[in-house]
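Here's a quick tour for anyone meeting this structure for the first time. Have a look at the sequence and the model, then read on.

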Amino acid sequence: MKTELLQKNEVARAAEIIRQGGLVAMPTETVYGLAADALNGAAVANIFRAKGRPMDNPLIVHIAELSQIHALVREFPEKAGILAETFWPGPLTMILPKSDIIPVEVSAGLDTVAIRCPSDATARELIRLSAPLAAPSANLSGSPSPTTVQHVIQDMNGRIDAIIDGGDCCVGVESTVITLATQPPRLLRPGGITLEQLRAAIGEVILDEAVLHPLANGQQAASPGMKYKHYSPKANVILLQGTEEAFLRFVNAHAEDTAAVLCYEEDIPDLQLPYLVLGAAEDYAEQANRLFAVLRQADEKGYQTVYAHCPATEGVGLAVYNRMIRAAGFEVIDLA
Ligand code: TXA
Ligand code: MG
């Protein structure tokens, strides 16, 4: 299949492809999404084929206006209204009981549907000109989510109808996912909207176990996406927990040819091995923004081992931690 590369002023062409049941990769403020008409089950099924995604992993439906949600869900609780008012448009996905018009391909057989209203202007225009859009991240299943159009081209060229070039994504990790289908609300995936912000808006929010820990054998994932290794580069990622000094001592002692370190700006003068910079040590938003691009760079350079700091779990740091620990297959070396 020949994939059309479209510019931001060619959204009308992208909308035509969506209306005909095709697949378009679109920019969003979090990561690029691979979109199809959410109410066209056959089109949505092609998303799973293009990504190599397991069919039991449900998709997020993207809307441009809050008013679009009412046809898609069976209930819209007061707390959902507060969250929409506070954080939409933006990087927050809400899970709610689904209405009957949601195709089984979108919800993967669950009784709920995930809804997000993105803030990216191109994504919103595409939705307005076509339909609510089902869209997972536009990467091949298992590889890091795409935060630049080059990443999308690498993974999806020849597999989908079109890609819209919207420049680089500004958040860099996927949206925060919260379910309101169970009480109290539960955070299933941390992202640009933090747990602290959610609690400030609606009170009690439970942090799902799977955000920080691997699922125990046989345990059901509240969010099917959490059971997959995910976010993985080819390199073996090893997280190091300990003081800055212990970190530097460890990585410098492990300076083999095929190893690199994913570091903070502050580390650079003390490193004796190749490095890729995540950002400033305290700037979690910058680290989130660069994480996936840096993991892809590690693979392009052919490193077999990548050492990294085990991130803090506050604010957007929780999102960085959640993605890193999965990239590392939950392997952390305690240096203390
Ligand atoms: O920022 C984002 O959310 C991006 C952009 C494109 O909007 N999309 C994205 O989609 O990250 P995806 O498919 O890569 O991740 C969706 C996550 C998965 O972990 C999936 O299991 C979960 O949301 N999910 C979707 N529907 C669900 C539902 N009904 N119940 C529980 N989890 C659900
Ligand atoms: Mg994804």
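Is Glu244 buried, partly exposed or exposed? Glu244 counts as partly exposed, because its relative accessibility is 36%; buried means under 20% relative accessible area, exposed over 50%, and partly exposed in between (1.4 Å probe, protein chains only). This is a predicted model, where local features need pLDDT of at least 70, side-chain atom pairs count only at pLDDT 80 or more, and totals for chains, interfaces and linings use all residues. Residues are numbered from 1 along each chain as its sequence is written, chains are lettered from A and ligands numbered from 1 in the order in which they are written, and side-chain values use heavy atoms, with hydrogens and water left out.

**Charge on the surface**
- Glu244 sits in helix α8, residues 244-253; helices (H or I, at least four residues) and strands (E, at least two) are DSSP runs, numbered from the N terminus.
- A patch of negative charge on the surface brings together Glu196, Glu244, Glu245, Glu265, Glu266, Asp270, Glu282, Asp283 and Glu314.
- Such patches take residues with over 30% relative accessible area and no salt bridge, joining like charges within 9 Å and nonpolar side chains (Val, Leu, Ile, Met, Phe, Trp, Tyr) within 5 Å.
- A salt bridge here is a side-chain nitrogen of Lys or Arg within 4 Å of a carboxyl oxygen of Asp or Glu.

**Tucked-away parts**
- Thr176, part of strand β9 (residues 176-179), counts as buried because its relative accessible area is 0%.
- Beyond its neighbours within four places in sequence, Thr176 is in contact (heavy atoms within 4.5 Å) with residues including Pro91, Leu92, Thr93, Leu187 and Arg189.
- Helix α2, residues 41-51, is mostly covered, with 8 of its 11 residues buried.
- Among those buried residues of α2 are Val44, Ile47 and Phe48, and their cover includes β3 (33-37), α4 (104-107), β7 (133-134) and α6 (149-156).

- Trp88 and Pro89 are joined by a cis peptide bond with omega of about -5°; Pro89 is in the loop between α3 (78-87) and β5 (92-97).
- Another cis peptide bond runs from Gln183 to Pro184, with omega near -10°, and Pro184 belongs to the loop between β9 and β10 (186-189).
- Ala108 isn't a glycine, yet its phi is positive, near 50°; look for Ala108 in the loop between α4 and β6 (112-116).
- Phe330, also not a glycine, has a positive phi of about 65°, and at 28% relative accessibility Phe330 counts as partly exposed.

Terms used:
Areas by Shrake-Rupley, 256 points an atom, 1.4 Å probe, with all protein chains shown as cover. Lys, Arg positive; Asp, Glu negative; His and termini not counted. Charge placed at Lys NZ, Arg CZ, Asp CG, Glu CD.
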